[in-house]
Amino acid sequence: GSFMLVNTSGRFAGQKAHLLLPHLKENDTHCIDFHYYVSSKSGSSPGTLNIYVKVNDGPIGNPIWNTSITATWNRAELAISTFWPNFYQVVFEVVTSGHPGYVAIDEVKVLGHPCTKTPHFLRLQSVEVNAGQFATFQCTANGGTESGDRLWLQVISFFPNALRSGGRGGHSERNVNMKNDRAVCFINTRFYSTFELLHSRCSVVENDKPPVPIAPPQLSSVGATYLWIQLNANSINGDGPIIQREVEYRTSSGSWYDIQPVDSTSYKIGHLDPDTEYEISVLLTRPGEGGTGSPGPALKTRTKCADPMRGPRKLEVVEIKSRQITICWEPFGYNVTRCHRYNLTVHYRYQAGGQEQVREEVSWDTESSHPQHTITNLSPYTNVSIKLVLMNPEGRKESQELVVQTDEDVPSAVPLESIQGSTFEEKIFLQWREPVQTYGVITLYEV
């Protein structure tokens, strides 16, 4: 195969080479998958391989990934999320060190689905953090406080963690590993200067009812791993004012669900499963404890299918006969098809009568733990090229091709019109043409 290579021999330190990928404009999560190689005979680093992400053709900024020595080919993944109306461009850069050697990249793939190992971004009220990484939350309290009062940050599903006392205009911040948790902050204090004002805002009037949207959210756009919605929550039953909006979404089958705070009239729900039905509702909150209403009417919608992750693997022969071949392959599921609607077809070709015959058949044995398919009506002693093709509405992936020869079979009869004879005093001489269909190597004729 081919790859991109920088030969640093004879180059001064600090010289640069760039490779720019096309702009990523689709509103979805991408995975940049590539192999890289940095090595020299002397053991010194020939240079540094940097990767940048340019946003909206802006400045190149700092590298998000780099390496300076590997000695062998290695594989890496980068998680990139593109949110409309922004677009991204990934830039590979080599900076020479002055030492001879080679820096190379190969098999650069832009995959339209999350990476298998690298953590991807999770949304947290207009702030994105890497799953498994740390996000900083800052809680600020305005007004007078006593010296013993403390500001708290609580992660739901964990015990509250005291941070430090806050003074006038006091604040506290803490790094929290988010993953699937949500964080809320509150203060254990009395506000002397604004106590009455805060008291009137936070009190619950018995006659007020929590707000509930009248209509379900509206779907703006849909992808394999995301849903864009309009909250459509201007008309409500109950009382305002609205101080918080949340989106609750769950799978139609199963018990999984999540709730995310929203600070705009539209919201992107990301990192969803392809070809899966979700129910999406909006929750509204008015001031005071118990001010959150029940979820509004639900929008039921389904994500698109995604391109199959790969083609079928381990295509093998189970049985060979003169006129049929039975094959098997490694079973696969939704994690490979990435769609509940798919076809598996067997494509095969062979030579017959001097012409290439191309055929395909649908395999219905797709959910078995030992899937098999038998190709029939073949010609004996013939080479047959076989491959499997996995297709869904968004794409197709093929298996490796397998070449198999069918077994020999009984040849057809010797053409009678071809038999010729000559008689002599002590012998008869016969000659004839071979059968039209030999179906193998003829080793013996009987007279």
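**Reading a predicted chain, term by term**

Tutor: Of the contacts in this chain between residues at least 6 apart in sequence, 70% join residues at least 24 apart; contact means heavy atoms within 4.5 Å. This is a predicted model, in which local features need pLDDT of at least 70, side-chain atom pairs count only at pLDDT 80 or more, and totals for chains, interfaces and linings use all residues. Residues are numbered from 1 along each chain as its sequence is written, and side-chain values use heavy atoms, with hydrogens and water left out.

Student: What makes up the secondary structure of the chain?

Tutor: It comes to two helices and 34 strands. Both are DSSP runs numbered from the N terminus: helices are H or I with at least four residues, strands are E with at least two.

Student: Why is aspartate 275 called buried?

Tutor: Its relative accessibility is 1%. Buried means under 20% relative accessible area, exposed over 50%, and partly exposed in between, with a 1.4 Å probe and protein chains only, so aspartate 275 counts as buried. Across the chain, buried residues make up 37% of the 447 residues.

Student: What else marks aspartate 275?

Tutor: It has a positive phi of about 50° although it is not a glycine. Most residues other than glycine have a negative phi. Aspartate 275 sits in the loop between strand 22 and strand 23 (277–285).

Student: And what is the phi of arginine 338?

Tutor: About 50° and positive, again in a residue that is not a glycine. Arginine 338 belongs to the loop between helix 2 (334–337) and strand 27 (343–352), and with a relative accessible area of 9% it is buried.

Student: What makes the 19 residues a nonpolar core?

Tutor: The term stands for a set of buried Ala, Val, Leu, Ile, Met, Phe, Trp, Tyr and Cys residues joined through side-chain atoms within 4.5 Å. The largest such core has 19 residues, and Ile32, Phe34, Tyr36, Leu49, Ile51, Trp65 and Phe92 have the most contacts inside it. Strand 3 (29–39), strand 4 (47–55), strand 6 (74–81), strand 7 (88–96) and strand 8 (102–111) each supply at least two of its residues. Apart from it lies another core of 17 residues, including Ile325, Leu344, Ile375 and Leu390.

Student: Which residues does isoleucine 32 touch, leaving aside its neighbours within four places in sequence?

Tutor: Its contacts are Leu21, Leu24, Ala76, Glu77, Leu78, Ile80, Val90, Lys109 and Val110.

Student: How do you know that strand 4 and strand 7 are paired?

Tutor: Two strands pair if DSSP finds at least two bridges between them. Nine bridges join strand 4 to strand 7, so the pair qualifies, and the two strands run antiparallel. Within that pairing, valine 55 has tyrosine 88 as its bridge partner, while asparagine 50 is partnered by glutamate 93. Strand 4 is also joined to strand 5 (residues 65–67) by three bridges, again antiparallel, with leucine 49 opposite threonine 67.

Student: What other strand does strand 7 pair with?

Tutor: Strand 2 (residues 16–20) pairs with strand 7 over five antiparallel bridges, and alanine 17 has valine 94 as its bridge partner.

Student: How do you know that strand 7 is largely enclosed?

Tutor: Nine of its nine residues are buried, so the rest of the structure largely encloses it. In a regular strand the side chains alternate between the two faces of the sheet. In strand 7 both faces are covered: Tyr88, Val90, Phe92, Val94 and Thr96 are buried on one side, and Gln89, Val91, Glu93 and Val95 on the other. Strand 4 is mostly covered, with seven of its nine residues buried.

Student: What makes strand 25 and strand 29 edge strands?

Tutor: They belong to an open sheet of three strands, in the order 25-26-29 with antiparallel pairing. Strand 25 (316–320) and strand 29 (372–375) each have a single partner strand, so one side of each is left without a neighbour in the sheet. Strand 26 (residues 325–328) is joined to strand 29 by four bridges, with isoleucine 325 opposite isoleucine 375.
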